[in-house]
Number of protein chains: 2
Amino acid sequence: MRLKEFAKQVGLSPTTVSRALSGYPEVSETTRARVAEAAVRLGYSPNVNAVRLKTGRAGAIGVVMGRAGEFHFAEFMAGMAERLVAEETDILVIPMADPNHEDEMQLYRRLVESRRVDAIIVHSPKPDDERIALLHELGMPFLVHGRSAIDVPHAWLDIDNEAAIKRATSHLIDLGHRRIAMINGRPGATYALHRDSGFRKALQSHGIEPDAQLIANGNFTDELGFRFARSFLEQPNPPTAFVAGSMMTALGVYRAVRSLGLQIGRDVSVIAHDDVFPYLTADNMVPSLSATRSSMRAAGSRCADLVLQLLSGRSALEIHELWPVELILRESTGPARPSKP
Amino acid sequence: MRLKEFAKQVGLSPTTVSRALSGYPEVSETTRARVAEAAVRLGYSPNVNAVRLKTGRAGAIGVVMGRAGEFHFAEFMAGMAERLVAEETDILVIPMADPNHEDEMQLYRRLVESRRVDAIIVHSPKPDDERIALLHELGMPFLVHGRSAIDVPHAWLDIDNEAAIKRATSHLIDLGHRRIAMINGRPGATYALHRDSGFRKALQSHGIEPDAQLIANGNFTDELGFRFARSFLEQPNPPTAFVAGSMMTALGVYRAVRSLGLQIGRDVSVIAHDDVFPYLTADNMVPSLSATRSSMRAAGSRCADLVLQLLSGRSALEIHELWPVELILRESTGPARPSKP
DNA sequence: TTTTCCAACCAAACCGTTTTCAATTTTCTC
DNA sequence: GAGAAAATTGAAAACGGTTTGGTTGGAAAA
């Protein structure tokens, strides 16, 4: 059913019907009610493409999806979905081919030109992320999930990775650990740099020199967690504690520790970062996992919220949120034991 | 830059320009090349909303996202993205409020009416799934990922859950296990029913009566895996083997078995279903996990492909794919040990 | 040479809304 | 009760493309 026909059925002009449904003030409450009722009864709803063409709004927020298939992604999106469900806005997932730099820029450029989205959420930014510069230049509203040091005004939401890891590391030091290993995320991303920085600062403020042999970077997979942990533990002077980048990494670390006949929380302490997944909880691991915790879902929800604010006119300059991260101590951390000679 | 202006720049009519860019035959190769070059140079690309309004195509495939935040979801989407990256089609994620039945139907109805998507992918169908009936009735092209017994013609892609679980269970029986527990997915979904059926058939064909005390249903979380496994193992007549619905469930089962001082692969055998995640691999678990395996990502990719076929005119009746599932035996399965009296 | 046909191009209608501007009715004000 | 102001409603012009149904000029056929 089209507007024209529907209007005829109701006995009004298309103009009035359109206004009634969009909540304009210049239509009487009586007619509005009548129109609304008829719309439900006759099953009329405006053609979205016509509305978009006319208003210039796309009614969607874009999220570029890399090929890595990160498990965080689903939680973030679920959070966005939670916030957007009552809104007339949906989520457009844009597939990204290769992480080829040239192509990626082209992808964003085309995305903006095609006007398919009203705003974009940029993930895992780098300190000098060119996507941010590009989007700013093109005048597309966007929000960065994470942070960038780039000298371009932009809205962002991030968790305080540096403080979180610094605190976690300090706690391990307070427990007497001196050889602490760090399994970080992919190199280059700001969050990984911040975590690295937090790690180093904690060590240095206690007079411990970071050992490059105990620092690793890579994807958040159980496999890398295992491999790195295992190779660290097989070194002549092995670590007595680990800071792990994700729950999956932690699973790998647990395995590595066990596989060497060591006991977590006694021989080796572990703190991981937990994005809070419904399907894998730190509290349930054995022994339960001490973690720096921040809900990815909440971040998704809030990001969606901030994007809506951005779209309704709030300045990007005002939108900067740095979320504190909880440190939750459980059984995977304990005092350092005197090292076996 | 708009078509009108761009056409003027090139010295042609909007008609010809439009045709040149859309590859119509009635435009000479010379002009087409000229137009294409100018489009790149001047940065012209058609306004997507105008195209959609005019052609009636939305250029997007819809996927409804539940609130559960399933970890499979990201992999499936990554697969879709892989297939769609070269296409002019993107993925629209539609947030679903509550799994309230009434609302859900309304959501689908509105989605169809608003013409935001060209096709929809339906997940985790039930045997008599009303979404399928509705979409068929409304004439919206759709593909079901999973299967339904509903008497309405529709395209689907599914993995052979029944055969997979039947084979897994039979293998456990062949190893001498008689008390086998099953931790299945949420009740109601066809896949869960198929798995249940495969489980029961395997038992019955070996003369074993399924024990309702050893069958559980629920979300695929490590927590439920742990709880169910633990409660089963604490029964007077505990199982010696488990069939687990997912990798997360398997993690929980592993923990439960260990927590009771038992050894996986020796005291208790485990087979789980593995959707193949880059971040958590069955082969890396300790002991490595025997699994029925089928790539969720491949399914996503193929589903996107089939939807494109559907949209280019292929009949839904022709599109039925039942994928076989591999059974990969590793260390988590072993011969049943004589039960302790 | 005339007619026919075809390749290449164009003018204008249309997709289904929103919104400007104007018209009409109703309500106030004095 | 007249005139002004306010509240409603409508006609028609966009929005930016695609597509129908021509028109044109030159090559091929007669």
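**Note on a predicted two-chain model**

1. In chain B, helix α9 (residues 190–205) lies across β6, β7, β8 and β9, running at about 170 degrees to β6(B). Contact here means heavy atoms within 4.5 Å. Axes are lines fitted to C-alpha atoms, for helices over the stretch in contact, and angles run from 0 to 180 degrees between N-to-C directions. Helices (H or I, at least four residues) and strands (E, at least two) are DSSP runs numbered from the N terminus.

2. The model is predicted: local features need pLDDT of at least 70, side-chain atom pairs count only at pLDDT 80 or more, and totals for chains, interfaces and linings use all residues. Residues are numbered from 1 along each chain as its sequence is written, chains are lettered from A and ligands numbered from 1 in the order in which they are written, and side-chain values use heavy atoms, with hydrogens and water left out.

3. The sheet of chain B is open and has six strands in the order β7-β6-β8-β9-β10-β12, with mixed pairing. Its edge strands are β7 (215–217) and β12 (326–328), each of which pairs on one side only. From one strand to the next the twist averages 15 degrees. Two strands pair if DSSP finds at least two bridges between them; β10(B) and β12(B) do so in the antiparallel sense over three bridges. There, B:Thr292 stands opposite B:Leu327 of β12(B). Helix α8 (residues 161–174) of chain B packs on this sheet and touches β6, β8, β9, β10 and β12, at about 170 degrees to the direction of β8(B).

4. Chain A has an open sheet of six strands, ordered β7-β6-β8-β9-β10-β12, and its pairing is mixed. Inside it, β8 (residues 241–244) and β9 (residues 269–274) of chain A run parallel and are joined by four bridges. A:Phe242 has A:Val270 as its bridge partner in β9(A). Helix α11(A) lies across β6, β8 and β9 of chain A, at about 160 degrees to β9(A).

5. How many residues does each chain bring to the contact? Chain A gives 52 and chain B gives 51. Between them the chains bury about 4,700 Å², 58% of it on carbon and sulfur atoms; buried area is the accessible area (1.4 Å probe) that two parts lose on being put together, summed over both.

6. The rule finds two salt bridges across the interface of chain A and chain B (a side-chain nitrogen of Lys or Arg within 4 Å of a carboxyl oxygen of Asp or Glu). One of these rule-based pairs is A:Arg116 with B:Asp90, whose closest N and O atoms are 2.1 Å apart. On the side of chain A that touches chain B, the elements that give two or more residues are α4, α5, β2, α10 and α11 of chain A. Of these, α5(A) gives the most, with eight residues.

7. Strands also pair between the chains: β2(A) and β2 (residues 90–95) of chain B are antiparallel over three bridges. The bridge partner of A:Leu92 in β2(B) is B:Leu92.

8. Some backbone points deserve a look. Most residues other than glycine have a negative phi, and most peptide bonds are trans. A cis peptide bond joins A:Val286 and A:Pro287, with omega about -5 degrees; A:Pro287 is in the loop between β9 and β10 of chain A. In chain B, a cis bond joins B:Val286 and B:Pro287, with omega about -5 degrees. A:Arg115, in the loop between α6 and β3 of chain A, has a positive phi near 55 degrees.
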